[in-house]
Amino acid sequence: QVQVAESGGGLVQAGGSLRLSCDASERVLSIKSMGWYRQAPGKQRELVALISRSDGTNYADSVKGRFTISRDNAKNTVYLQMNSLKSEDSGLYYCKMVLWTTGGGTVDYWGQGTQVSVSS
């Protein structure tokens, strides 16, 4: 069972930066994509950024130009560099890893989340 763990959250003032990291517990060869999602109190979980195996990226409109997703394939690690943070970026940030299965389907693995709090 692959486990995913996030780190790097914390409290930061508006305009500041944070870098989140997401590590897989073991080397996995069948990654389809890795992504970051966030959930604020009382709101649904939303996609923040996604990176595919071919390094294609996708960002939520609200973070374009401020956040950058990247990965280290050798370490099965994905990063989220967050700059110019706003109070509305606060929330619990989750990492999701999507793997291909031998049957051609996919399986999702989620981390437990790391809290990001931005003070205005």
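View A. At 7% relative accessibility, Arg38 counts as buried; buried means under 20% relative accessible area, exposed over 50%, and partly exposed in between, with a 1.4 Å probe and protein chains only. The structure is a predicted model, in which local features need pLDDT of at least 70, side-chain atom pairs count only at pLDDT 80 or more, and totals for chains, interfaces and linings use all residues. Residues are numbered from 1 along each chain as its sequence is written, and side-chain values use heavy atoms, with hydrogens and water left out. Asp89 is also buried, at 1% relative accessibility. A salt bridge (a side-chain nitrogen of Lys or Arg within 4 Å of a carboxyl oxygen of Asp or Glu) joins Asp89 to Arg38, with 3.0 Å between the closest N and O atoms. Arg38 belongs to strand E4 (residues 31–39) and Asp89 to the loop between strand E8 (77–82) and strand E9 (91–100), so the pair ties together parts that are 51 residues apart in sequence. Strands (E, at least two residues) and helices (H or I, at least four residues) are DSSP runs, numbered from the N terminus.

**View B. Asp89 and Arg66 in a salt bridge.** The N to O distance between the side chains of Asp89 and Arg66 is 2.8 Å. Arg66 sits in the loop between strand E6 (57–59) and strand E7 (67–72) and Asp89 in the loop between E8 and E9, so this pair ties together parts that are 23 residues apart in sequence. The relative accessible area of Arg66 is 11%, which makes Arg66 buried.

**View C. Lys96 and Asp108 in a salt bridge between strands.** The side chains meet with an N to O distance of 3.9 Å. Lys96 is in strand E9 and Asp108 in strand E10 (residues 106–110), so the contact ties together parts that are 12 residues apart in sequence. Lys96 is buried at 14% relative accessibility, whereas Asp108 is partly exposed at 39%. Elsewhere, salt bridges with shared partners join Arg38, Glu46, Arg66 and Asp89 into one network. The count of salt bridges comes to six.

**View D. The disulfide of Cys22 and Cys95.** The sulfur atoms lie 2.0 Å apart, and a disulfide is a pair of cysteine sulfur atoms within 2.5 Å. By this rule there is one disulfide. The torsion about the S-S bond is about -80 degrees, so the disulfide is left-handed. Cys22 in strand E3 (residues 18–24) and Cys95 in strand E9 are 73 residues apart, so the pair links distant parts of the chain. Both cysteines are buried: Cys22 has a relative accessible area of 0%, and Cys95 likewise has 0%.

**View E. Tyr93 in the largest nonpolar core.** A nonpolar core is a set of buried Ala, Val, Leu, Ile, Met, Phe, Trp, Tyr and Cys residues joined through side-chain atoms within 4.5 Å. The largest one has 29 residues, of which Trp36, Leu80, Met82 and Tyr93 touch the most other members. At least two residues of this core come from each of E3, E4, strand E5 (46–52), E7, E8, E9 and strand E11 (114–119). In soluble globular proteins, nonpolar side chains tend to be buried together. Neighbours within four places in sequence aside, the contacts of Tyr93 include Leu20, Trp36, Arg38, Val48, Phe67, Leu80, Met82 and Val116, where contact means heavy atoms within 4.5 Å.

**View F. An open sheet of four strands.** The order is E1-E3-E8-E7, with antiparallel pairing. Strand E1 (4–7) and E7 are the edge strands, each pairing on one side only. From one strand to the next the twist averages 15 degrees; axes are lines fitted to C-alpha atoms, for helices over the stretch in contact, and angles run from 0 to 180 degrees between N-to-C directions. Two strands pair if DSSP finds at least two bridges between them; E3 and E8 pair in the antiparallel sense over six bridges. Ser21 stands opposite Tyr79 in E8.

**View G. Gly56 in the loop between E5 and E6**. Gly56 counts as partly exposed, at 34% relative accessibility. Leaving aside neighbours within four places in sequence, Gly56 is in contact with Leu50 and Ile51. The C-alpha atom of Gly56 is separated by 10.0 Å from that of Ser70, 14 residues apart along the chain.
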